[in-house]
Amino acid sequence: MTTLTGHHVRLLAPGRGGTRGGRHGTSPSVVAFVSTVGALCAVGVVVVGQLYTALPLLGRFGRSWSTTAGSAGWTVTAFSLGYAFGFLLSGPLSDRIGRRRVILLGLVATCAATALLAGAGSEVAGVGLRGLQGMCAATYAPAALAYLAERIEPARRVAATTWLTSSFLAAGVIGQVYAQSVAEAIGWRAVYWTSAVLLAGGAALLLLVLSPGGVTTVGSTAQVYRSMGRLLTRPGLVLLLVATGTVLCGFVALYAGLAEAGPRGIARSPHAMLELRASALPAMLLVPLCAPRLARIEATHRVCLALTTAAAFSVVGALLGLTGSLSTGALFVLLLGFVSGIALAIPSLVQAIGVRAGAARGAGVALYTFVLFIGASLGPALASITSGHGFAAVAGCVGVLSAGGAVAAGVAGHIENKPGRGQIA
């Protein structure tokens with residue numbers, strides 16, 4: 001049992017003998033692994049995939065709204081900002097009213113915003129609705145991660161979290177392929193009509209799969225939100241958030257830099273870029289399959305290993321770029337290794353931050369996801385600044401960034417060595 005009396009928050013660790021309900025002193029029951037994780041991953045791909053659906057549609061947006069593709073790019077920025085700031089609201093809210101309720105209400109809201117987006121008749125409406133869509137979609141990840149941390153049996157929590165975060169990464173590829181395919185067949189508006197239908201179906205599925213109960217707080221909503229500020233006074237947790245900021249920043253920058261400054265035959269071919277993005281999908285599958293073995297390594301050590309791996313592959317890419325030896329085959333191997341590191345870093349950071357957040361887990365995961373996607377929004381800027389000096393410069397900067405994240409995580413593990421080997425406590 002973990003308590004945080006100063007925050008008036010209590011969380012009783014789930015066990016096989018727990019009872020349903022979870023409010024005010026009853027332990028939430030352990031739930032089935034396959035059905036719960038499978039459903040959350042499937043719906044997660046649809047929700048997080050909305051972030052990426054606009055990328056192949058910018059030209060279509062421009063023609064439909066009588067503007068340019070560059071101007072239509074604000075739809076991507078609007079979603080990203082709404083998504084990042086939405087995490088700050090939804091995570092603590094799930095601490096207050098429960099993970100399941102926030103997930104379901106958020107899916108209904110995301111469905112409505114997505115349906116409205118399908119009918120957007122101007123750039124202003126499209127940008128505004130994408131921001132709203134992002135804020136609504138932000139209800140999903142913090143609550144889903146916290147739900148798994150509390151309701152899956154301890155020995156399998158790392159595996160569950162790894163599957164879910166890997167599905168979020170995979171959504172980056174799947175969302176683009178889905179949007180491009182549907183738009184070419186029946187138009188860009190159909191992308192969001194069909195997404196709304198899928199989101200409604202996801203809400204119905206999770207209504208059946210997720211167990212009720214498990215509300216974790218007994219204090220006021222204001223106390224729950226104040227707990228987020230208190231978390232920022234913990235040096236170890238702050239350093240882990242610094243490491244978090246490097247993850248998707250480097251991920252997005254590397255792919256954006258490849259598109260802007262990669263070898264001509266690849267950078268100028270949308271088909272080749274799509275194939276390279278898809279080539280990283282095996283890494284997103286391999287890391288969850290290895291989760292039981294990786295769980296034996298303490299969480300902050302796993303973060304260091306993961307970000308060091310990403311840094312090493314980035315630096316090798318930079319060296320190959322400098323020597324002109326960057327072939328398609330080499331890029332395939334480099335991206336596979338780099339994404340493997342990223343796919344391992346994300347669930348490991350969730351675990352390490354969750355341990356340090358204690359009963360304020362929703363607030364901790366909200367801070368984590370906020371920083372993660374603020375980093376993602378900075379990735380294109382990093383690529384733009386460095387791509388003028390070639391892909392080697394982009395890859396080199398990403399390597400330094402990832403190495404810095406590894407150092408921050410290592411220091412966090414040293415100064416705040418909390419228990420949490422192999423599970424999210």
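**Close-ups of a predicted model**

**View 1. Val 242, partly exposed on helix α11.** With a relative accessible area of 46%, Val 242 counts as partly exposed, because that value falls between the 20% limit for buried and the 50% limit for exposed. You'll find Val 242 in helix α11, which covers residues 235-261. Keep in mind that this is a predicted model.

**View 2. Helix α9 from end to end.** Now for helix α9, which runs through residues 188-209 and has 22 residues. From its first C-alpha to its last, α9 reaches 32 Å, close to the 32 Å expected at 1.5 Å a residue.

**View 3. The buried side of the story in α9.** Quite a list of α9 residues is buried, including Trp 188, Tyr 192, Leu 199 and Leu 206. What do the buried residues of α9 pack against? Their partners are the helices α1 (33-53), α2 (58-64), α5 (99-118), α6 (123-137), α7 (140-151) and α8 (157-186).

**View 4. Leu 206 and its neighbours.** Zoom in on Leu 206, which sits in helix α9. Leu 206 counts as buried because its relative accessibility is 0%. Leaving aside residues up to four places away in sequence, Leu 206 touches Ala 39, Leu 40, Val 43, Ile 103, Leu 104, Leu 107 and Tyr 140. Take Leu 107: along the chain, Leu 107 and Leu 206 are 99 residues apart, yet 9.7 Å separates their C-alpha atoms.

Definitions and conventions
Residues numbered from 1 in each chain as written. Predicted model: local features only at pLDDT ≥ 70, side-chain atom pairs only at ≥ 80, totals over all residues. Heavy atoms only, no water. Helix = DSSP H or I, 4+ residues; strand = E, 2+ residues; numbered from the N terminus. Expected span 1.5 Å × (residues − 1). Buried < 20%, exposed > 50% of the residue type's maximum accessible area, 1.4 Å probe, protein only. Contact = heavy atoms within 4.5 Å.
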